[in-house]
Amino acid sequence: MSKAVEATPRTSASGDAEAQQQKIQSEHVDRAEDIHVDGEQGKFSAILGILRKLVGVADVVDLRLSLPSQLLDPIPNLEYWNYMESPKHFVAIPESDDAVERMLAVLAWWFSKMLKHTGKVHKPFNSILGERFFCHWDVSSSSQCSSESTASSSITNVSTGAEATNRVEYITEQVSHHPPVSAFVYRCKERGIEAAGIDHIKAKFTGLSATVATGSECKGIFITLKSRGNEMYKCTHPTGSIVGWLRGSLKVQMIETSYIVCAKTGLAAVVEFKEERWFSKDKGNVIGKVFRYDESKYGDQIASWRLKDIPKACSIVATFGGNWDQQVTVKHNGSERTLIDMAALKIADKIVKPLEQQGELESRRVWEPVASKMRQGKYAEASRTKKAIEEAQRTLAAERKERGEEFVPALFKPNYADSGMPELLDDAPINI
């Protein structure tokens, strides 16, 4: 890659944020071994104490705060932040010959990727520059779900044995540190389906909630059905709001509007999340519509639409709604059925090579020295080990700067920034 992704120009506001960062790090990170956390409630209180000092900072994520190990979960960011909670839904997308059913299958998978957000809120390790993660899932024919009955059968049966027929691979690399950006590709060669995109998030804490949204480098997830003449779906991410700070019980709510669009079929979906009120019992927190549209007339407008903005000229072919974290139903062709039952889902286990077969920049190998100490409850040792890893990265960055070198990703071509659709190098050293 000839030019690394660069951070946005510094302003006086970002200068103030950097000053706050130094204060937080000196008070809470450099003396990490002096922080004592007693259980989940103590962990919550410590995180809240740090975040309160960041109220008003435009993007907490870009500060790259180095939290002590007591406040983290022992899992690498690239491993945790993946979208294949239910690979069975992914391989089902190309199945139907009906374009509307394929769009509904994309929607079912899109909801399934949020399964991690239905439970405990996690904070994984920040990725180091050049870090990579590889894994796969083997989905057997017997467990593969039909796109027309997405949630009607068991959707947790992921096979690791000889019966497996569809292998879903996950390939990702941290391609920038400031801002923190990673590139990823999912692929299932047997089903002729791929998904690619850039992960870049921004976060802001208001004192009552933490809002997590996509950053400027993220254009969405792009799903390509090679088995359907390279039919492509652009799927945008929802915005998450972490609430419950006053009650001491954190929960992720989805807010605002997302969309999925397929120019080739002329089908689009708008998904609208309803803000939940803790003092009321909402009957549902998500609604949406699938509709036909004219790409030449409306293609560049859908990104700004809410449901009320869909023109009458766009014919509605399906409606859906319910609770994104429980069950979503869809009405299509005069009947209603379950689109996805989130309550019945379990996160599919990843198949990862053992540590001794991993490269030195693979996520588990990078962070296992820290994670193992955390699992043993040796948080002071874990924090010192974590700090040593981060200091080594700062040294490497300084040496690159002194030599006038820019970081070059090992797995991806350099043309991903504008399109948001990373492509793997032909000779990428993939270790799955």
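Predicted model: local features only at pLDDT ≥ 70, side-chain atom pairs only at ≥ 80, totals over all residues.

Colleague: What does the secondary structure of the protein come to?

Modeller: The protein has nine helices and 16 strands. Of its 432 residues, 52% count as buried.

Colleague: What share of the contacts with a separation of 6 or more comes from residues 24 or more positions apart?

Modeller: Such residues account for 67% of those contacts.

Colleague: Let us turn to a helix. How many residues has α8, and how far does α8 reach from its first C-alpha to its last?

Modeller: One compares the end-to-end reach with the span expected at 1.5 Å a residue. Helix α8 covers residues 379-403, which is 25 residues, and its reach of 36 Å is close to the expected 36 Å. After α8 comes G404, which has a positive phi near 75 degrees.

Colleague: Which residues of α8 are buried, and against what do they pack?

Modeller: An α-helix has 3.6 residues a turn, so residues three or four places apart point the same way. In α8 the buried residues are A382, S383, K386, I389, E390, Q393 and R400. They pack against α7, residues 363-375.

Colleague: Where does α7 bend, and by about how many degrees?

Modeller: The bend in α7 is at P369 and amounts to about 45 degrees. Across its 13 residues, α7 reaches 17 Å from first C-alpha to last, close to the 18 Å expected. G377, which follows α7, has a positive phi near 80 degrees.

Colleague: Which residues of α7 are buried, and what do they pack against?

Modeller: S363, V366, W367, V370, A371, S372 and M374 are buried in α7. The partners of these buried residues are α3 (77-80), β1 (132-140) and α8.

Colleague: Which backbone oxygens does the side chain of Q174 approach?

Modeller: The side chain of Q174 reaches the backbone oxygen of S176 at 3.1 Å. A polar atom of the Q174 side chain also lies 3.4 Å from the backbone oxygen of V181.

Colleague: Is L208 buried or exposed?

Modeller: L208 counts as exposed, because its relative accessibility is 54% and the cut-off for exposed is over 50%. L208 lies in the loop between β5 (201-205) and β6 (210-214).

Colleague: Which residues is L208 in contact with, leaving aside its neighbours within four places in sequence?

Modeller: L208 is in contact with I242, V243, W245 and L246. The C-alpha atoms of L208 and W245 are separated by 6.1 Å, although the two residues are 37 residues apart along the chain.

Colleague: Finally, how many disulfides does the structure hold?

Modeller: A disulfide is a covalent bond between the sulfur atoms of two cysteines. The structure holds zero disulfides.

Note on methods: Residues numbered from 1 in each chain as written. Heavy atoms only, no water. Helix = DSSP H or I, 4+ residues; strand = E, 2+ residues; numbered from the N terminus. Expected span 1.5 Å × (residues − 1). Buried < 20%, exposed > 50% of the residue type's maximum accessible area, 1.4 Å probe, protein only. Contact = heavy atoms within 4.5 Å. Polar contact = N/O pair within 3.5 Å; in protein donor to acceptor, adjacent residues only side chain to side chain. Disulfide = S-S within 2.5 Å. Bend = angle between axes of the 7 residues up to and from the residue.
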